[in-house]
Amino acid sequence: MDNGGSEGIMSEVIVENVTKKFGNFVALDNVNLTIKPKEFFVLLGPSGSGKTTLLRLIAGLEDITEGSIYIGGKKVNDVPPKDRNVAMVFQNYALYPHFNVFDNIALTLKVRGYSKDAIKSRVSEIAKILHIEDILNKKPRELSGGQQQRVALARALVREPSVFLLDEPLSNLDAKLRVEARSFLRSLQKEVGVTTVFVTHDQSEAMALATTIAVLDKGIIKQVGDPYELYTKPKDIFTAGFIGSPAMNMIPGKLVKDGSSWRFVSEDFSVQLINTEFENEYDVILGIRPEHITLVKDDGINAKINNVEPMGAVTYLDIQVGSVELTVQYTGLIKLEAGMEIKVKFVEEKMLFYDRKTEKLLNV
Amino acid sequence: MKKLDAFLLILLIIFSFFALFPIYWTVITALKVNSEIFTIPPVFFPTKITFSNFYTPGTTFGEVSQTAFGSFPWLINSTIIALASSLIGTFVIGAPAAYALTRYLKNVWFARLILFMMMIPEAAFIIPFYVIITKLNMINTWWGLILVYISFTAPLSTWLLMGFFSDIPKSVEEAASIDGLSAFSTFYKIALPMVIPGIMVSIILNFINAWNEFIYALVLTYTPFPTGAQTVPLYLTDFIVIEKSFAWGGLAAAGVIVMLPSIILGIYAQKYLVKGWTMGAVKE
Ligand SMILES: Nc1ncnc2c1ncn2[C@@H]1O[C@H](COP(=O)(O)OP(=O)(O)O)[C@@H](O)[C@H]1O
Ligand SMILES: [Mg+2]
């Protein structure tokens, strides 16, 4: 796209000690984030965790209670939304119902004083990218959900904003369209190169899109990192449980020193640890992902199969180990049935231990 | 459920009868020949239809009345005054006030005050208004009546449009502010077009109210167009030729002319009232 004086295409967003209160309710608690230029940054958290609130603070739609936000090096606390040069896609799209698609997209250019010809060429350019050239004369109510979403994206992308804010823009699409839209969004963002903050509660969406993910829970940033980091080394129990599907298995137990090595002891079994060291004995929760539990012939933990779910490429097994039920992911198909007795083993390098008191990761 | 439906239907028929019969009576009287107007028992289904009541003056007890078509100068005044007070009440005061009250000044007491003002009979203010309009030198002028009528069209428009504005999803206006629109542009380019059904209802109700108003017109005006601002309801009273004597045919014919705009607009407004108020911008 031709670049019409876009001051902030490389904009960095810094959120510094930001707290947001609604009355006495703390929606965001001392949030610190640095969103690098051109990054695809995903805010991930369950419903009500404060994602939308943070996005609205960056857009300027809410006042900051404490702290500061910088866009492109400029403090924007007191800058109204219309002067922040951010673009936003609302969860409900918020298209202008009385304008046709062309005018929906063109309005922001008209306001910014672009010439008629410039508006026309820019709108048709973005419409081509988003495959909405054929519906430019239609009103929003005549469009399907997928088309409305693309119009909302077009409206945001038609000018080059400093920051592109997306609030669960794919949540209204059906499963197939959503997966398509993901890869489309990702390549579009690469192409346009605008710093993007994307909000979602769907961890698989976050993993698929993000260069960096920030995990948010009850207004607190739990962890910031790339998808690999978040998946392999979640720093606390919340993140560990939130990222990954099926979810990580969590087994309460104790870390006990056993001569020169350590042992994980649960109510129903214990595991000798060969390569892992700790400072103290702790009450812990062992986190182990389904794909890191393997089936073994002998010398394993006894388990009974509760349920078998063959998916094709993988098979999920729900197994009972004493009082805990675990999920196992087996690569490929396997002939097993509910009720069978098997033996399993945990991959030691993948075992994550969380202090039960602080809920923080103990492995180094 | 079925029983209730039948009961409601009967109730509706009774109400409709009460509402529609006077209209029917006026229309048939306007179209009756004189001999069928003055009969006991009354004629409900006229055997002969005539339009002469519209253009010939009636005579009762030897007195000659005006004609229905003679109402033209009064109709001009009514049209201008009703249009102006309706449009000003809707666009200049009602819509901006309603928008400000739903978006910025979310004060319930102010809203209640408006409702309260609408509940006071208009005629209660007749003396102060008479004094004000006299002082303003606006007796028997368009602006005299327009100003008074705005005092009841504006609160109605405000009250009505508040409901419409609060139904607009907030995010549409937020999108406009992010797109770079000022607060004022957001109001008139985005919010206002989204409440067009409400605007229509407001214009029509205001127009009908002002069109039908009698007491203020009686007190504040005394000659028709072009010398004064007398409105058409006053013309109707002139069909009372001498005391207790009515030119019924002409009165009914003039009544039909006066009712026509209200009825047409009423039917038109109904379409907007019934129509859905949000227009599918937002996927909830
Ligand atoms: N305008 C508001 N007034 C009061 N509470 C609010 C307001 N907006 C959001 N909240 C509260 O703040 C919390 C975070 O909301 P939100 O940012 O919308 O969460 P998310 O987008 O992660 O689902 C919720 O508990 C919500 O009820
Ligand atoms: Mg949200």
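Which residue in β19(A) is the bridge partner of A:Ile301? In this predicted model, that partner is A:Val344. The views below take up the sheet, the ligand site and an aromatic pair.

**View 1. Strands β16 and β19 of chain A pair in the antiparallel sense.** Strand β16 covers residues 301-310, and strand β19 covers residues 341-346. Four bridges link the two strands.

**View 2. Five strands of chain A form an open sheet.** The order across the sheet is β15-β19-β16-β17-β18. Pairing is antiparallel.

**View 3. Residues of chain A surround ligand 1.** Among them are A:Phe22, A:Phe25, A:Ala27 and A:Pro46. The run A:Ser47, A:Gly48, A:Ser49, A:Gly50, A:Lys51, A:Thr52 and A:Thr53 also belongs to the surroundings of ligand 1. By class, the shell holds four nonpolar residues, six polar and one charged.

**View 4. Backbone and side-chain atoms of chain A meet oxygen atoms of ligand 1.** A backbone N or O atom of A:Gly48 lies 2.6 Å from a ligand 1 oxygen. For A:Ser49, a backbone N or O atom is 3.2 Å from an oxygen atom of ligand 1. A:Thr52 uses its side chain: an N or O atom there is 2.6 Å from an oxygen of ligand 1. Taken alone, ligand 1 exposes 560 Å², and the protein buries 60% of that. Two elements of chain A, β2 (25-35) and α1 (51-59), each give two or more residues to the shell around ligand 1. Of the elements, α1(A) gives the most, with three residues.

**View 5. A:Phe238 and A:Phe242 form a stacked aromatic pair.** Over all chains, the count comes to 28 aromatic pairs. In this one, the ring centres of A:Phe238 and A:Phe242 are 5.4 Å apart and the planes stand at 15°. The pair counts as stacked because that angle falls under the 30 degrees cut-off. Both residues sit in helix α8 (residues 237-242) of chain A. A:Phe238 and A:Phe242 are four residues apart there, so about one helical turn separates them.

Definitions and conventions
Residues are numbered from 1 along each chain as its sequence is written. Chains are lettered from A and ligands numbered from 1 in the order in which they are written. This is a predicted model: local features need pLDDT of at least 70, side-chain atom pairs count only at pLDDT 80 or more; totals for chains, interfaces and linings use all residues. Side-chain values use heavy atoms; hydrogens and water are left out. Two strands pair if DSSP finds at least two bridges between them. A residue is near a molecule or strand if one of its heavy atoms lies within 4 Å of it. A polar contact is a pair of N or O atoms within 3.5 Å; within protein, one must be able to donate a hydrogen and the other to accept it, and residues adjacent in sequence count only if both atoms are side-chain atoms. Accessible areas come from the Shrake-Rupley method with a 1.4 Å probe; for residues, only the protein chains shown count as cover. Ala, Val, Leu, Ile, Met, Phe, Trp, Tyr, Cys and Pro count as nonpolar, Asp, Glu, Lys and Arg as charged, and the others, Gly among them, as polar. Rings of Phe, Tyr and Trp (its six-membered ring) pair if their centres lie within 6.5 Å; planes under 30 degrees apart count as stacked, over 60 as edge-to-face and the rest as tilted.
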